[in-house]
Amino acid sequence: IFEQYRSEFRARSLPGYALEVFPDLSRHTAEDFRHEGHVGFANLSADTAGERIYEQIRHFDRLEQPFEWKVHDFDQPATLKAMLEARGFGCGDAEAFLVATLQAWPESEGRRCGARIERITDAKGIRDFIAVEEAVWQEAFPTHFARYTRALNSAPDITCFYCAYVADQPVAAGRILLPAGSSFASLWSGSVLPEMRGRGVYSALLAQRIAMAKSHGYRFVTVDAEPMSRPILLKRGFEQVCWTYPMRRRS
């Protein structure tokens, strides 16, 4: 499953990013240099891995752009994470790369809760979405409005945003990416306010996005799961494929 995922996603374009696909890795450079670049899907030769790492560092340093190197357990060489750490990268919290097969997903799963799930179509909805993210993570995301608005306006059929509302107040948020020509949809930003957890809101938001993926004919849906959401998703029918490690250079 991971090899199929890698073959499809290593050449996936993202709104607002310039994509470069090399034989041994993929690189996304943000067009707005305030945003973060990305490197991933590494399949490096042990003989040249050190130089290839420095090439990515030099590329983003030249642009004065921060970047994340996403490492999966299946990336090569097997020592890649340690090599990055030796070159000044720090590892964020490990996330579980989970995959669900949509053909087996029950139609009614998680649909009953006390919240109203709405698909976001305008700037007000994006602000509601970010308000949930900032409340859950207890930090400000000053670049998210521009990035999310660009995705909503330039690729509305690829990135779908959802909020859950109770009495017109946003209480949960999540998005799904529906890349063209792929077997995999992907879930992002699943967040629920602490006071609303345990009421089925997360499951309802998940079910809405799963239904969207199924209606578009996707075979699988993926998610990089945080520790809080991982056990919930495993109970819902997701399977863990590997661990992922977000690596960023320390300043």
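A pocket here is an open set of points on a 1 Å grid over the protein atoms alone, where a 1.4 Å probe fits, with protein on both sides within 12 Å along at least five of seven lines; lining residues have an atom within 4 Å of a point. This is a predicted model, in which local features need pLDDT of at least 70 and side-chain atom pairs count only at pLDDT 80 or more, while totals for chains, interfaces and linings use all residues. Residues are numbered from 1 along each chain as its sequence is written, and side-chain values use heavy atoms, leaving out hydrogens and water.

**Second largest pocket**
- Eleven residues line the second largest pocket, and Asp61, Gln65, Pro66, Phe67 and Arg249 lie nearest its centre.
- Two or more lining residues come from each of α2 (49-63) and β12 (239-249), the helices (H or I, at least four residues) and strands (E, at least two) being DSSP runs numbered from the N terminus.

**Salt bridges around Arg248**
- The whole structure has 15 salt bridges, each a side-chain nitrogen of Lys or Arg within 4 Å of a carboxyl oxygen of Asp or Glu.
- Arg248 pairs with Glu36, with the closest N and O atoms 2.6 Å apart; Glu36 sits in the loop between β2 (25-30) and β3 (37-40), 212 residues from Arg248.
- Arg248 also forms a salt bridge with Glu68 (2.9 Å, N to O). Because Arg248 lies in strand β12 and Glu68 in strand β4 (residues 67-72), this pair ties together parts 180 residues apart in sequence.
- Glu68 is buried at 11% relative accessibility, whereas Arg248 is partly exposed at 35% (buried means under 20% relative accessible area, exposed over 50%, partly exposed in between; 1.4 Å probe, protein chains only).
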